[in-house]
Amino acid sequence: MLKLKPKIICVTGGKGGTGKTLVAVNLAIMFKNQGFKVLLIDGDVENPNTFLLLNAKLENKTEVLYFLPKIIEDKCTKCGLCAENCGTHALLHIKNSYPIPISTVCSGCKLCYKICPTNAIEPDLKVIGWTYRASAFNIDLFLGELKPAEARSAVIVNKLMENLEHIIKTETEKYDVVVLDTAPGAHCDVEELISGADFVIPVTEPTRFGKLDLLRIIELIDLLKKEYKAIVNRSSLLGYKDKFLKELEEKGIEILGDIPLDEEIVRSYCQGNPLMEKRSKFDRNGAGYKSFEIIFENLIKWGDFSK
Amino acid sequence: MVIVGIPTFGNKGLNEVLNNRFGRCNSFTFVTIENNQIVEVKSVANDAQGAMGGAGIQAAQIIGNNGATEVIVGNLGPNASSSLNALNITIYQAQGGSLTVKGLIDLRLSGKLQVLTSPNVAAHAGMGGGGGRGMGGGGQGRQF
């Protein structure tokens with residue numbers, strides 16, 4: 001029997017604070033409510049906080065190590081092979097002297113370590129962050145955290161995606177749906193997550209800031225040749241909704257739906273109790289609740305999700 | 001004896017003019033000084049000029065491989081700066097416009113050049129024009 005790979009949805013948006021995590025968490029919850037097996041991945045490794053919205057306890061703290069070359073002078077013959085082959089020129093070699101690693105440009109690829117003819121390069125491993133696992137409301141959560149002041153956040157995001165790939169390979173049917181929650185911005189961390197997705201959902205808000213950043217993230221999504229439909233959050237904000245939706249339509253940007261300002265959403269956010277959780281006591285006729293139902297219905301149609 | 005490396009444009013020796021770009025200059029002119037006298041001048045093409053990245057590091061490697069222990073530069077990026085520092089090469093800052101190699105060596109010999117200990121431009125400031133990826137608005141030799 002053919003094993004079905006999970007469908008991967010990436011929630012992103014360019015601008016910070018548009019409600020990416022709110023959407024990602026509630027989409028995950030709605031899939032779970034329908035009997036789907038769901039994994040949520042928080043790819044905002046600089047400010048991982050998805051677990052708060054799920055009141056989850058982080059477990060399985062695992063160090064993410066980063067490779068830098070360390071030259072063992074007793075073994076080094078000063079041949080320069082490492083420096084000659086280093087793609088980022090992170091090894092400085094002057095004839096008849098030991099190579100000097102320039103750590104700021106090292107990509108961590110380990111080529112030098114692999115090709116050194118005398119094994120004179122050893123990994124100088126440095127902890128640059130951690131990954132965690134958690135579980136709440138019958139949803140599994142993967143989360144990454146970059147150590148403060150470290151620069152290579154993409155390595156942590158990459159680790160999360162590697163863990164996902166490993167699961168897809170070894171336990172293909174463990175999850176039906178994977179929801180990826182990205183950091184704000186249109187940088188390489190976000191790119192990696194969008195690249196791994198089947199469907200992309202940029203979340204925006206009806207302001208000039210929301211529009212500008214939405215157009216930037218769409219540029220990235222287009223570059224990666226991915227399908228997307230946007231969500232307009234805080235759509236009732238100061239009555240800009242109609243004008244904003246018209247502008248999106250003029251630009252050919254399709255939307256899955258919009259989420260109005262709603263006190264219940266704020267309450268669920270503060271309590272760490274997801275709005276759409278079937279056991280939660282939020283008003284089923286509330287504006288926020290209704291809007292999420294419409295969004296989910298449109299998403300199911302768009303992605304042909306069937307259980 | 002001391003060998004001074006200077007980023008330049010071609011191979012006209014002492015008449016060469018300082019190239020403000022370090023990692024992406026066209027050539028380096030190396031001047032050997034003994035007892036305050038110029039005893040040798042040679043030009044070496046800068047193979048790193050069109051490098052995708054790491055030009056500063058490769059250029060520092062050229063400086064080191066030619067035995068120089070001093071450089072005189074216009075702009076210097078962070079990678080070049082840390083590479084030259086790693087090689088214990090003294091970095092002098094050339095002040096002002098188009099000085100010749102001869103003029104710069106005279107200033108060096110009369111002790112009028114200031115030592116530079118950290119980069120004075122951002123990474124990839126010298127890109128665009130000549131080669132590499134051409135960093136759009138990056139411009140040449142943009143000052144902080």
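Biologist: Over which residues of chain B does pLDDT stay under 50?

Modeller: This is a predicted model, in which local features need pLDDT of at least 70, side-chain atom pairs count only at pLDDT 80 or more, and totals for chains, interfaces and linings use all residues. Residues are numbered from 1 along each chain as its sequence is written, while chains are lettered from A and ligands numbered from 1 in the order in which they are written. pLDDT is the predictor's confidence in each residue, from 0 to 100. The stretch of chain B under 50, for which the model has 38 contacts (C-beta atoms, placed from the backbone, within 7 Å) beyond four places in sequence, is residues 129-144.

Biologist: What pLDDT does chain B average?

Modeller: In chain B, 87% of the residues score at least 70. The average pLDDT of chain B is 86.

Biologist: Which element gives the most to the side of chain B that touches chain A?

Modeller: The predictor gives the complex an ipTM of 0.74 and a pTM of 0.73. In the model, 13 residues of chain B are in contact with 10 residues of chain A. The elements of chain B that give two or more residues to this side are α1 and α2, helices being DSSP runs of H or I with at least four residues and strands runs of E with at least two, numbered from the N terminus. With 6 residues, the element that gives the most is α1(B).

Biologist: At roughly what angle do the axes of α1(B) and α2(B) cross?

Modeller: Residues of α1(B) including Ala60(B) and Ile63(B) meet residues of α2(B), among them Ser83(B) and Leu84(B). Axes are lines fitted to C-alpha atoms, for helices over the stretch in contact, with angles from 0 to 180 degrees between N-to-C directions. The axes of α1(B) (residues 55-65) and α2(B) (residues 78-86) come within 7 Å, and they cross at roughly 35°.

Biologist: Is Ile105(B) buried or exposed?

Modeller: Ile105(B) lies in helix α3 (residues 101-109) of chain B and touches Val4(B), Val31(B) and Ile38(B), leaving aside residues up to four places away in sequence. A residue is buried if 20 or more other C-beta atoms, placed from the backbone, lie within 10 Å of its own, exposed if 12 or fewer, and partly exposed in between. Because 21 other C-beta atoms lie within 10 Å, Ile105(B) is buried.

Biologist: What distance separates the C-alpha atoms of Ile105(B) and Ile38(B)?

Modeller: Ile38(B) is one of the residues that Ile105(B) touches. The two are 67 residues apart along the chain, and their C-alpha atoms are separated by 8.5 Å.

Conventions
Contact = placed C-beta atoms within 7 Å.
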